[in-house]
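Here is a short note for a colleague opening this model for the first time. Please keep the structure in view while reading the numbered points.

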Amino acid sequence: MISFQFIETSIIDGVGLIELNRPKQYNALNRRMVREIVEAMESFDQQDEVVTILITGKGRAFSAGADIDEMANEDSIRLELLNQFADWDRLGLIKKPIIGAVKGFVLGGGFELALCCDLLIAASGTEFSFPEVNIGVMPGAGGTQRLTKLVGRTKALEWLLTGDRISVEQAQEHGIVNRIVAEELLMEEAMKFANKLAKQPPLSLRLIKDSVNKAVDHSLYEGMQYERKNFYLLFSSQDQKEGMQAFIERRKPHFNGR
Ligand code: CAA
């Protein structure tokens with residue numbers, strides 16, 4: 001694993017915490033930073049003591065998007081050969097639930113990173129947008145696809161073509177954000193939520209996320225068949241035995257992720 005220059009990581013009570021740490025540049029995402037985020041997530045995904053992943057940004061913003069200074073002089077062939085978005089594809093393979101705690105600006109690639117999260121807690125006053133159109137490009141890390149699947153074609157086109165800011169209230173109304181909290185309580189509330197999930201049986205979390213993701217890309221019938229197999233799979237787990245036995249014995253279950 002590379003040593004981290006642009007992020008900080010820690011593990012707190014079952015929660016793997018990733019903090020973007022380029023606050024002077026509003027956590028603008030350079031390539032190395034994206035690689036670090038991916039590697040930290042993959043590492044947390046492999047560690048038994050981590051049940052959920054929480055990602056946030058230090059300073060005033062979650063992230064103002066891809067690093068424009070790094071991109072300004074690129075050419076198409078170099079970008080093709082770099083294949084930098086392959087790192088973003090790896091984010092879609094993380095099995096554990098990812099919670100984003102966002103505030104300030106969530107722009108461009110920062111918005112795309114937020115859309116890679118499974119759940120979003122946002123501080124009041126947070127603003128989202130895809131401003132790429134204003135600098136002569138367009139989203140390249142999934143923005144046109146993930147936003148459209150989430151909010152539908154009409155609003156996605158409006159926001160992508162204008163680059164207009166989306167208020168946190170609009171984001172909640174359109175299902176982008178799960179909860180809005182006061183900015184000073186953002187980390188406390190996000191941690192509380194992450195800790196709550198971290199107490200759930202890890203295999204159930206994993207297979208629920210897996211099944212819900214299938215619903216996005218597959219027909220109802222295919223998704224139902226897939227869900228069923230995951231349901232059956234959980235009956236091979238110790239946590240299923242423990243969870244049901246605890247219910248019968250009227251006691252609290254103790255899950256071990258196996
Ligand atoms: N890339 C590089 N540097 C950035 C940046 C970015 N995306 N966003 C902010 N910064 C830097 C600024 O250059 C500035 O650095 P210096 O202090 O060294 O000059 C510092 O962060 C503070 O920025 P501002 O002085 O502009 O602060 P502000 O409060 O006036 O404005 C802002 C904040 C609205 C976020 C503004 O900086 C801005 O519009 N940033 C660019 C947003 C953007 O266009 N993002 C999309 C990027 S493209 C993309 O993400 C493509 C993709 O799909 C992968």
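1. Start with Glu249. It is partly exposed, with a relative accessible area of 43%. Here buried means under 20% relative accessible area, exposed means over 50%, and partly exposed lies in between (1.4 Å probe, protein chains only). The partner of Glu249 in a salt bridge is Arg251, and their closest N and O atoms are 2.7 Å apart. Arg251 also counts as partly exposed, because its relative accessibility is 33%.

2. A word on the basis. This is a predicted model: local features need pLDDT of at least 70, side-chain atom pairs count only at pLDDT 80 or more, and totals for chains, interfaces and linings use all residues. Residues are numbered from 1 along each chain as its sequence is written, and side-chain values use heavy atoms, with hydrogens and water left out.

3. How many salt bridges are there? The rule asks for a side-chain nitrogen of Lys or Arg within 4 Å of a carboxyl oxygen of Asp or Glu. By this rule the model has 18 salt bridges. Side chains of opposite charge can pair when their charged atoms come close.

4. Asp87 and Arg90 form a salt bridge through their side chains, at 3.0 Å from N to O. Both residues belong to helix α4 (residues 85-91); they are 3 residues apart, so about one helical turn separates them. Helices (H or I, at least four residues) and strands (E, at least two) are DSSP runs, numbered from the N terminus. Is Asp87 buried or exposed? Asp87 is buried, at 8% relative accessible area. Arg90 is partly exposed, at 23%.

5. Another pair spans the chain. The side chains of Glu127 and Arg165 meet in a salt bridge of 2.9 Å, N to O. This pair links distant parts of the chain, 38 residues apart. Glu127 is in strand β7 (residues 127-129), while Arg165 is in the loop between α7 (153-162) and β8 (166-167). Glu127 counts as partly exposed because its relative accessibility is 27%. Arg165 is partly exposed too, with a relative accessible area of 43%.

6. Now the ligand. Which residues are closest to the ligand? They are Tyr26, Ala64, Ala66, Gly109 and Glu112, out of 21 residues that surround the ligand. Three elements each supply at least two residues of the shell: α2 (68-71), β5 (105-107) and α5 (109-115). By class, the shell has 11 nonpolar, 5 polar and 5 charged residues.

7. Look next at the polar atoms around the ligand. A polar side-chain atom of Tyr26 is 2.7 Å from a ligand oxygen atom. A polar side-chain atom of Glu132 is 3.0 Å from an oxygen atom of the ligand. Ile68 takes part through its backbone: a polar backbone atom there lies 2.9 Å from a nitrogen atom of the ligand. On its own the ligand has 980 Å² of accessible area, and the protein covers 63% of that area. Such areas come from the Shrake-Rupley method with a 1.4 Å probe.

8. Tyr26 lies in the loop between β2 and α1 (31-46). At 28% relative accessibility, Tyr26 counts as partly exposed. Asn27 is in the loop between β2 and α1 as well. Asn27 is not a glycine either, and its phi is positive, about 55°. Is Asn27 buried or exposed? Asn27 counts as buried, because its relative accessibility is 0%.

9. Last, strand β2. Ile18 is placed in this strand, residues 15-20. At 0% relative accessibility, Ile18 counts as buried. Met41 is 23 residues from Ile18 along the chain, and their C-alpha atoms are separated by 8.1 Å. Met71, by contrast, lies in helix α2 and is partly exposed, with a relative accessible area of 34%.

Technical notes:
Near = heavy atom within 4 Å. Polar contact = N/O pair within 3.5 Å; in protein donor to acceptor, adjacent residues only side chain to side chain. Nonpolar A, V, L, I, M, F, W, Y, C, P; charged D, E, K, R; others polar.
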